[in-house]
There are 4 protein chains.
Amino acid sequence: MTGVSTNPFDDDHFHEECAIFGIYGTPESSVHTALGLHALQHRGQEASGIVSFDGKDFHAHRGVGHVGENFDANSAPMQALKGHIAIGHNRYSTTGPSEVRNIQPFSSELAFGGFALAHNGNLTNAARLRASLVETGSLFQSSTDTEIIVHLVARSHQQGVSNRLIDALKQIEGAYSLVCIADDMLIGVRDPHGVRPLVLGKRDDAYVLSSETCGLDIVGAEFVRDLLPGEMVVIDKTGITSIMPFQEQPSRFCIFEYIYFARPDSILEGRGVYHARKSIGAELATESHVDADLVVPVPDSGLPAAIGYAQAANIPFELGIIRNHYIGRTFIQPTQKGRTDSVKMKHNANSSAVAGKRVILVDDSIVRGTTSRKIVLMMRAAGATEVHMRIASPPTINPCFYGVDTPDKDQLIAAQMSVDDIAKEIGVDSLSFISIDGLYRAMGEARRDPDCPQFCDACFTGDYPIKLATGLSAKRVSHGVIN
Amino acid sequence: MTGVSTNPFDDDHFHEECAIFGIYGTPESSVHTALGLHALQHRGQEASGIVSFDGKDFHAHRGVGHVGENFDANSAPMQALKGHIAIGHNRYSTTGPSEVRNIQPFSSELAFGGFALAHNGNLTNAARLRASLVETGSLFQSSTDTEIIVHLVARSHQQGVSNRLIDALKQIEGAYSLVCIADDMLIGVRDPHGVRPLVLGKRDDAYVLSSETCGLDIVGAEFVRDLLPGEMVVIDKTGITSIMPFQEQPSRFCIFEYIYFARPDSILEGRGVYHARKSIGAELATESHVDADLVVPVPDSGLPAAIGYAQAANIPFELGIIRNHYIGRTFIQPTQKGRTDSVKMKHNANSSAVAGKRVILVDDSIVRGTTSRKIVLMMRAAGATEVHMRIASPPTINPCFYGVDTPDKDQLIAAQMSVDDIAKEIGVDSLSFISIDGLYRAMGEARRDPDCPQFCDACFTGDYPIKLATGLSAKRVSHGVIN
Amino acid sequence: MTGVSTNPFDDDHFHEECAIFGIYGTPESSVHTALGLHALQHRGQEASGIVSFDGKDFHAHRGVGHVGENFDANSAPMQALKGHIAIGHNRYSTTGPSEVRNIQPFSSELAFGGFALAHNGNLTNAARLRASLVETGSLFQSSTDTEIIVHLVARSHQQGVSNRLIDALKQIEGAYSLVCIADDMLIGVRDPHGVRPLVLGKRDDAYVLSSETCGLDIVGAEFVRDLLPGEMVVIDKTGITSIMPFQEQPSRFCIFEYIYFARPDSILEGRGVYHARKSIGAELATESHVDADLVVPVPDSGLPAAIGYAQAANIPFELGIIRNHYIGRTFIQPTQKGRTDSVKMKHNANSSAVAGKRVILVDDSIVRGTTSRKIVLMMRAAGATEVHMRIASPPTINPCFYGVDTPDKDQLIAAQMSVDDIAKEIGVDSLSFISIDGLYRAMGEARRDPDCPQFCDACFTGDYPIKLATGLSAKRVSHGVIN
Amino acid sequence: MTGVSTNPFDDDHFHEECAIFGIYGTPESSVHTALGLHALQHRGQEASGIVSFDGKDFHAHRGVGHVGENFDANSAPMQALKGHIAIGHNRYSTTGPSEVRNIQPFSSELAFGGFALAHNGNLTNAARLRASLVETGSLFQSSTDTEIIVHLVARSHQQGVSNRLIDALKQIEGAYSLVCIADDMLIGVRDPHGVRPLVLGKRDDAYVLSSETCGLDIVGAEFVRDLLPGEMVVIDKTGITSIMPFQEQPSRFCIFEYIYFARPDSILEGRGVYHARKSIGAELATESHVDADLVVPVPDSGLPAAIGYAQAANIPFELGIIRNHYIGRTFIQPTQKGRTDSVKMKHNANSSAVAGKRVILVDDSIVRGTTSRKIVLMMRAAGATEVHMRIASPPTINPCFYGVDTPDKDQLIAAQMSVDDIAKEIGVDSLSFISIDGLYRAMGEARRDPDCPQFCDACFTGDYPIKLATGLSAKRVSHGVIN
């Protein structure tokens, strides 16, 4: 079964680690949550879970694989997910096959009753908190950061779920957006810097929380607003209440959401993601013009930037690479001595379009550079006379510690060599990345404010807005697995 | 497990029923065949099979689902597919869940030894042949046309496999491309009108046969040529031999291969499919100009035509609809009274791109019209001020009997109402289909030759090049299933 | 899944290859057939199939594994098995993992309509018939003898199903009991020598055919009579008709059915199987008395003979070996250097019962002798002071060609060495087999009639009642598999 | 898959809830544990788990179904269970489908390192302890009593694992035998009354702990001794240490282990189980003699008592009921109006043995009486002229709270009606249960000591040796499930 589900790990990208979704106020809460998670599948493809609450009991179902594999509306588990509140989570796993116990939402019975939590982000003081909890007798059942928050809530001496949750969140450091169910309430929170997204919508009388607006669209909910950095919203039968429990911090929304993570049809923090990508492409065309016959996107993530580039440069946009959307990674013969590589499972040159042409390839980012090299080779084999690569992000030279799966620094090609050397390595005639200020211009800012950057851009600049545990800057934390 | 695999039946298209692939002359014949079938997955997504021959024994593996699910190179069944010859088949089933016995290639032990056959197309005299064979004592194990051919070969009194196969083919009527293994040979055949495609490639010393050139590309084979209509090629250790066993007929290649079936990166009968689609789009722009702000493709099949249209009309091309490539059909709640429809599982309006804009939607065809209506509604809900629909094919008013899955005539919207009425039905401000002569112009012809059309275009014109069994013109043949 | 089902191959026995069951005249025909097959599971544990007929359509379901795994009454396949007639088959496979296409009943559409057949036995002229059918254009879809019969029926020029079936059966040689559905009839046949059993029962208005009477008991049917050797019964809405289409032959019922194959609660050819086994035990006690403290059965097949022995010898009967009925073969570590052998997965000495005692072990037969040796060792390790083995059959020195799975002659220990040498090999203080005449006495005969033996006892005597194809006497026929 | 595994719930017995096994000192510790669990499968058939420790890491595998289904020695999970220490557990679930998180051993990372625990028994103060732990911030991941013990160990302020475990055990009340791994040690404990069994064995240098001696036999270990009531043994590289940490209590070993739970080849507390059962049968023959022709055991559990009865009464022992060991419960048609009942799936009358005979049926116990009635009917239908039932235990009139699955009192037939009324209800000519003193005599005691009974016999007498939580005596505790 797990052989069927897939993660396009081989496509050389950073990966968002999670999606969250929650809804309050409809008897079909779990179906809507499944739909929302389906729309947010790109943020986590390894496993999914839904927990619902019917006013009396909690119901849960979790499964490895895509949402569509595990939450068939006609299946018994799905029909058991009764209730007017539900939350859900898509997981992207970095540590081998997802164990079921690591699939969120995490649910448990606390002293005040049931509690279910789903979390997108990463705690930077997780190891220390966990050690301290274990030392004083807490038993962990998963290796997730999420469970740390639940233990802190369980241990809190505050009265009331909201206060206990605030008490717990004040002890954690890191980036997070979260949704939880407790005491007949749906609660949503964004961390004080607002690194990860969380939006609020309304569908008839029901309130919806979703990582992105595309999760609202699929259930027919209207967008209300983004949650503010550091905001907690508590939704119950009396309506919605907003609380600002933390000391105010400057907003540092993850700029990579615009570059790659979010779906192009989502609107985050007031910006349409498609529009943002086209603007980056246009800015890139201005910064690094080159004469060519075609602008070709690396599918599918490079499309909007390529369209923006082509329009700005007035060069024809063409589909010079065709993507096979079926999953083929598993049947590559290991003994084939590399002649049929994994890139061919997904991409093929559209030779009748590129033969004899000077081609500008537009991609969103380069991480290890392995895929880029193969695609360039493919273009040349198809008869392209020149291949120029334009990248819709600055060089990625630092790992992320805020909920994104990134390789260690020594595997980031841009951290290891100059742009010229990368150009040679991947075999292009020219290579340009957008400048950091160009990126900010595409976002509608005059430039990056070095004293207080308008976004989290640590992967490009190393300027981490939230302090890291000792040793974190050198190497990413392994989440570990209790065997 | 089968719940996971999918066919996007709901997207209101005709569907090619099969892909075939064969290779002679490499010890990795079955791995290459799996790769080829993966590249040809769009022609049949229900089930796949591979048969190989190692000079002594035949080996077979068949499975319901995608190629990637069934032909993992590390699996025991795949490793058992030894040999220097292999053929493979992707099946698109019209009759409920594919039974394993209906999955091709069909293999059997005949008097002269093992015989394996895979077939793309449809026999128009199948019912009569089958009845006659059963009457005289043949046992059928499947409901496929393919088995009819094998029985005819088994019954033939000719000497030698090629002669027996020719003897059998002379008794059948219909459209077919086929590959078979027998007597240490790989044989490929196209029917006398060449309705379905079949191309020849070469990879080092190995010969490759594939429904489309994208199947050659993935295995690194070079394109040699299309097989001719009515040609049989016999490949063995002495090389390749071409035979023209049938009376010559005018070529009637299926024009819908260019419109929708084939992959855009394939080159068939000397035309690049991507280029052909762009030309149709351009021709469409000329024929049915309308003032608008954006040209928006209905993804993914409308993309090339939309690019051609936008370039010809000089209107910006934008991704106004975003497609979710994950499979979500299965978890739609049946009790939801249609509020969340199946189109939303796959498509979402890119509202920041289309709001306030006059939009030209470009799609390849309209079959029942159900999807079109929902997409138009979606555009309007996202704020489009005008929605014009342009279709890159003439109205489809007749079913196909040559290997394509089409609804009966009474379900074809264009067979039931005028273009104006369709426009009202799907809710657009204007609607145009390309003219039949415009379509031929896009193919590089001056116009359609009504006396001897250059292509099979029966779905548009009702001009069927191969005679139909009595009753076929009224209703499509049901293939039936022996329970 | 197949790992779960099991055949106790390791227990060193001959194995019956099949069970058949059929019922006419109840709307719950398939449920009764599933029940009957469950009661007959001991005759075939690898795979099962049921075909039903509802007056219009045939319905089939087949599965690898036990009946209980594949025919859950609440499952969709089972509920689709509608109709007033059903036949079923349990298969015991000798050639690797059962392929679904080899699972009976075999069903096909012949010129006169649907035809389904299930068969217990083995054809001795199968290879010749098959070759001749293939030569003249028949396609085989399985490697079963059963399909040969169906082809012969399909080719017959006789009128009417019964006549065609008789025509076909006159061409075959071998042992068979069979049930079939055709033309709204249930037909049952036993071969002219009546080698394999087939009994007739009645349940209200429904007629039942079953390999053994235990299949009647479970569905609440009353035993009517055994079919006669060479008899065909045709059951339809007018009732039951008996036909004797073959030249009369002397009855040669398989004597091993009494020794081991049949269930002890079955009654075959007028003899209760339990009673027959007790009589053999009693005869054995008379023939080969030895002083001892306990009579211990090798479970479970040795129980009735041991009870008979103990009662005749007036020595206490004790359960000195305890059988674990759970399946444990699969988790034996191959690297354990034989210290934990497969016998321990199933048997353990009851040491408190046997320690310090002189033990008579009673088993039904010895084939290879491997298990016997381990059990004797186990008895001695548990403290038995003497171990005497008594075998409730004569030495098995010849393979069976009539539907029983037996090793080749060179693996039959009794064909390779004397009784004294076997005793040494398996480590007993004394060993006796019942004499062939003693066996016949236990069956109620005065002695074996050497001119025309009352039973088929070829495995003991080499006196094969049905002629074997050339070469068969030297080596058993491999059934072969079309890959 | 779960459909394949089975519990013979329908056979109207009390059921032991668990088996435990542990081994220290062999590199094949997990294979031996799998073998031991296989031998102990009768004590828990729903799910199994093994945890091993290799000196550095813990490894775990758990699965629903039989040991043989989940612990194939060649499977990847099994090969990952490395180490010189392993413990294992078979689970018998009373609350629907076993969730994986409830499958023992329970393993967790405590402040001092990994800790794994498997437990046979039941805590009588579980609800109170659990509530208190949750109140103070503990998160529970299962609904097992076992986890309570682990939380208490995690919370203990004692130094050293043994002391922490003792500290935890002093807080619990109930019956338990347990094995655990921590700090490179294997620890075994029996509760102060020694209600549940636990034996110590030795295999070369390795120490083995097992619920019964049959678990020692299968791995070739020699029996050393039973653990004493209240004894803790700590096994590490220095050898074995015995500790008696609790205040001494009178031994109250569960007498039902001899009647039904334990395997007949096990030896517990110095008594061979087979011998004990035969003695009960003999005592029963003395107490309640009746003239009859046959003694027939209800298979399989009634066999030893029936043999004892037959020998004492000098009446022939016969297999009058034949058991089908294949699993058939799942395919009973619910709509069959009871005509084919579940008893027929497992049992059939051996009619040739019982027809015309006066039969004494010997069974070990009667719980609800439903099965007994059907078996008596079956005997009469097969022609038995008289049916007398003799039960090898006193009437069961109270539920068990010490780790045995029993119905509530209102479902215990003997708690609801007199012996005469039961006889009428189940339709026998006479019915006798062994007397409580007769049972003690069979155990070798002069009689039951009412002041301090030598065994726990609360299910017969209501004399519960360990105090029950309020409300427990009225109704069994539901273990509950956190959804």
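Predicted model: local features only at pLDDT ≥ 70, side-chain atom pairs only at ≥ 80, totals over all residues.
## Two helices that cross in chain A

Let us start with a pair of neighbours: helix 5 of chain A and helix 6 of chain A cross in a right-handed way. A crossing is called left-handed if the near helix is turned anticlockwise from the far one by less than a right angle, and right-handed if clockwise. The residues that make this contact are A:Ile149, A:Leu152 and A:Val153 on helix 5 of chain A, with A:Arg164, A:Leu165 and A:Ala168 on helix 6 of chain A. Here, two residues are in contact if their C-beta atoms, placed from the backbone, lie within 7 Å. Sorted by class, this contact has five nonpolar, no polar and one charged residues. Ala, Val, Leu, Ile, Met, Phe, Trp, Tyr, Cys and Pro count as nonpolar, Asp, Glu, Lys and Arg as charged, and the others, Gly among them, as polar.

Helix 5 covers residues 145-155 of chain A and helix 6 covers residues 161-169 of chain A; their axes lie 8 Å apart, at an angle of about 125°. That angle makes helix 5 of chain A oblique to helix 6 of chain A. Angles under 35 degrees count as roughly parallel, over 145 as roughly antiparallel, 65 to 115 as roughly perpendicular and the rest as oblique. The axes are lines fitted to C-alpha atoms, for helices over the stretch in contact, and angles run from 0 to 180 degrees between N-to-C directions. Helices (H or I, at least four residues) and strands (E, at least two) are DSSP runs, numbered from the N terminus.

Residues are numbered from 1 along each chain as its sequence is written, and chains are lettered from A and ligands numbered from 1 in the order in which they are written.

The model scores ipTM 0.91 and pTM 0.87. For chain A the mean pLDDT is 90, and 91% of its residues reach 70 or more; pLDDT is the predictor's confidence in each residue, from 0 to 100. In residues 1-10 of chain A the pLDDT is below 50, and this stretch has 23 contacts in the model beyond near neighbours in sequence. Residues 333-340 of chain A also have pLDDT below 50, with 11 such contacts.

Helix 4 (residues 126-135) of chain A and helix 5 of chain A have axes that come within 10 Å and cross at roughly 50°. These two helices are therefore oblique to each other, and their crossing is left-handed. A:Ala126, A:Leu129, A:Arg130 and A:Leu133 of helix 4 of chain A meet A:Asp145, A:Ile148 and A:His151 of helix 5 of chain A. This contact divides into four nonpolar, one polar and two charged residues.

## Where chains B and C meet

How many residues of chain B are in contact with chain C? There are 22, and they touch 22 residues of chain C. Strand 4 (58-64), strand 6 (106-110), helix 4 (126-135) and helix 5 (145-155) of chain B each give two or more residues to this side. Helix 5 of chain B gives the largest share, four residues. By class, the chain B side has 11 nonpolar, seven polar and four charged residues.
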